[in-house]
Amino acid sequence: MATIAQIDTFIVDMPTIRPHVLAMATMLAQSMVIVRLIDSEGIEGIGEGTTIGGLSYGEESPESIKSAIDTYIAPILRGCDPVQVGAAIAAISRSVRGNHFAKCAVETALLDMAGKRLGVPVSELIGGGRVRASLPVAWTLASGDTARDIEEGEAMLAQRRHRIFKLKIGKRSVAADVAHVGAICKAFAGRASVRVDVNQNWSEPQANIGMGLLHDVGVDLVEQPIARDDVDAMARLSVRHSVPLMADEALNGPRSAFRLAAAGAARVYAVKIAQSGGLHAAGAVAAIASAAGIGLYGGTMLEGGVGTAASAHLFSTFPDLAWGTELFGPLLLTEEILAAPLTYSDFELTVPTGPGLGIALDTDKIAFFRRDRTATIVHAVA
Ligand code: MUC
Ligand code: MG
C-alpha cells in the first residue's frame with residue numbers, strides 16, 4: 001500500500017491589487033492555506049483552503065483551517081492509502097465534523113496526486129468528466145466608488161477579460177446601493193451582465209424593497225440578500241420577485257442544497273468547492289440543483305491559483321452552467337503563486353489540461369510570502 005510520507009501546510013499572505021470592499025469586511029490582502037502532500041512514491045499533491053476576511057464570512061479562518069489539518073486531519077491521513085481518495089475522505093469525515101474548507105484543501109491535494117499518478121486531469125476523475133475546455137468568468141467591482149468601478153469595468157471589457165460584473169452591496173443604505181448599482185447598469189447596458197451580492201446584510205423588508213428596485217434598474221441576479229438560515233424568507237423572496245435569488249452562504253453541502261431546493265428558496269446556486277466540503281460534495285450540490293431545475297453558477301472564495309484551478313476542473317464537468325463562474329481570485333492578488341499563471345482570455349478561463357490540477361507552485365514566491373518564513377530571500381538582479 002502507498003502511504004503519505006509528508007504533509008506540509010502553510011499560510012500565504014498576499015496583498016490585493018486594490019481594497020476589495022464587501023458588506024462584512026474590506027480586504028487589503030488574501031490569506032491562502034496551502035496543503036502539500038508527498039506520497040511514498042514521491043508524487044506530490046497540492047490543495048488550497050481559503051476564506052474571506054478572517055472570520056467575517058464564515059466559521060473557518062485561515063488559522064483554523066491550518067490547525068484543523070495539522071492537528072486532526074494529518075494523523076488520519078497518515079494511516080490512509082492515498083490511492084483511495086474516497087476512502088481517505090470518508091475516514092476524515094468520520095472523525096472531523098464541519099471544517100469544510102480544511103477538508104476541501106486535503107481532498108484537492110489527494111485528487112491532484114491521483115491525477116498525476118494516473119496521468120489524467122482532475123476533471124476526468126470526477127463527475128462524468130470534462131464537458132467544456134473553458135469557463136466564462138465574472139469580475140467583482142468592489143472598489144467602493146461608483147466612478148472607479150465603471151472605469152475598472154470599462155478596462156475589463158476593453159481587454160476582453162470580463163463581461164459579467166458582480167457588485168458587492170449591503171454596507172450602505174438600500175437607496176444608496178440602488179443608486180450605485182443603477183449607475184453601473186446604465187454604463188454597461190447591453191454590454192455586460194450586472195449582478196449583486198448582499199452577503200446576507202439585508203432584512204427581509206429591505207430585500208423586498210431592494211430586489212424590486214434592482215430589477216427595475218436592470219440587475220440580472222441577486223446573491224444571498226438575507227441571512228443564510230432564513231430559508232422561509234428566501235422562499236418568499238424567490239416567489240415574489242422576478243429577478244432570480246442566488247443562494248451562496250446558505251449552501252454548505254448536499255443536505256443544505258436539498259433543503260433549499262425542497263423549499264423553493266433559490267433559483268440559482270453559487271456552487272463553491274470549499275463551502276461544500278470538497279469537489280465531490282460540490283458536485284453533489286450541482287446534481288441536486290440540476291435535478292430541481294435550479295441554475296448553476298461557479299462560485300469562489302477568492303482562492304489563489306490552486307483553489308481556482310480545482311474549482312475550474314469541477315465546473316468544467318457541469319453540463320449546464322447557465323450563469324458562468326467567478327473564478328477570478330488570482331487576478332485580485334498582486335503576485336502569482338503559480339509557476340505558470342492560469343490563462344484568462346476572451347472572457348473565459350482555460351481549464352488546465354495537465355495531469356492532476358495541471359499546475360505547479362512558484363517556490364520562490366511561496367518562500368517569500370508564506371507567513372512563517374524565517375529568512376529574507378535574496379533575489380539576483382539581472
Ligand atoms: C462571495 O460572497 O461570493 C466572491 C467574489 C467576491 O468578490 O467575493 C466573493 C465571495
Ligand atoms: Mg457571495
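Student: What makes the pair formed by Thr140 and ligand 1 a polar contact in this predicted model?

Tutor: A polar side-chain atom of Thr140 lies 3.1 Å from an oxygen atom of ligand 1, and a polar contact is a pair of N or O atoms within 3.5 Å, so the pair formed by Thr140 and ligand 1 counts as one.

Student: Which distances put Asp197 and Asn199 in polar contact with ligand 1?

Tutor: An N or O atom in the side chain of Asp197 is 3.0 Å from an oxygen atom of ligand 1, while for a polar side-chain atom of Asn199 the distance to an oxygen atom of the ligand is 2.8 Å. With the limit at 3.5 Å, both pairs therefore qualify.

Student: How much of the accessible area of ligand 1 does the protein cover, and where does the ligand sit?

Tutor: On its own, ligand 1 has 280 Å² of accessible area, of which the protein covers 100%, and the ligand sits in the largest cavity.

Student: What kinds of residues make up the shell around ligand 1, and which domains supply them?

Tutor: The shell divides into 7 charged, 4 polar and 4 nonpolar residues, and at least three come from each of domain 1 (4–120) and domain 2 (134–350).

Student: How do you know that domain 1 and domain 2 are in contact?

Tutor: Contact means heavy atoms within 4.5 Å, and 32 residues of domain 1 are in contact with 42 residues of domain 2, although 23 Å separate the centres of these domains, taken over C-alpha atoms.

Definitions and conventions. Residues are numbered from 1 along each chain as its sequence is written. Chains are lettered from A and ligands numbered from 1 in the order in which they are written. This is a predicted model: local features need pLDDT of at least 70, side-chain atom pairs count only at pLDDT 80 or more; totals for chains, interfaces and linings use all residues. Side-chain values use heavy atoms; hydrogens and water are left out. A polar contact is a pair of N or O atoms within 3.5 Å; within protein, one must be able to donate a hydrogen and the other to accept it, and residues adjacent in sequence count only if both atoms are side-chain atoms. Accessible areas come from the Shrake-Rupley method with a 1.4 Å probe; for residues, only the protein chains shown count as cover. On a 1 Å grid over the protein atoms alone, a cavity is a set of points where a 1.4 Å probe fits but cannot get out, and a pocket is an open set with protein on both sides within 12 Å along at least five of seven lines; lining residues have an atom within 4 Å of a point. A molecule sits in a cavity or pocket if more than half of its atoms lie within 2 Å of its grid points. Ala, Val, Leu, Ile, Met, Phe, Trp, Tyr, Cys and Pro count as nonpolar, Asp, Glu, Lys and Arg as charged, and the others, Gly among them, as polar. Domain bounds come from an automatic or database domain assignment.
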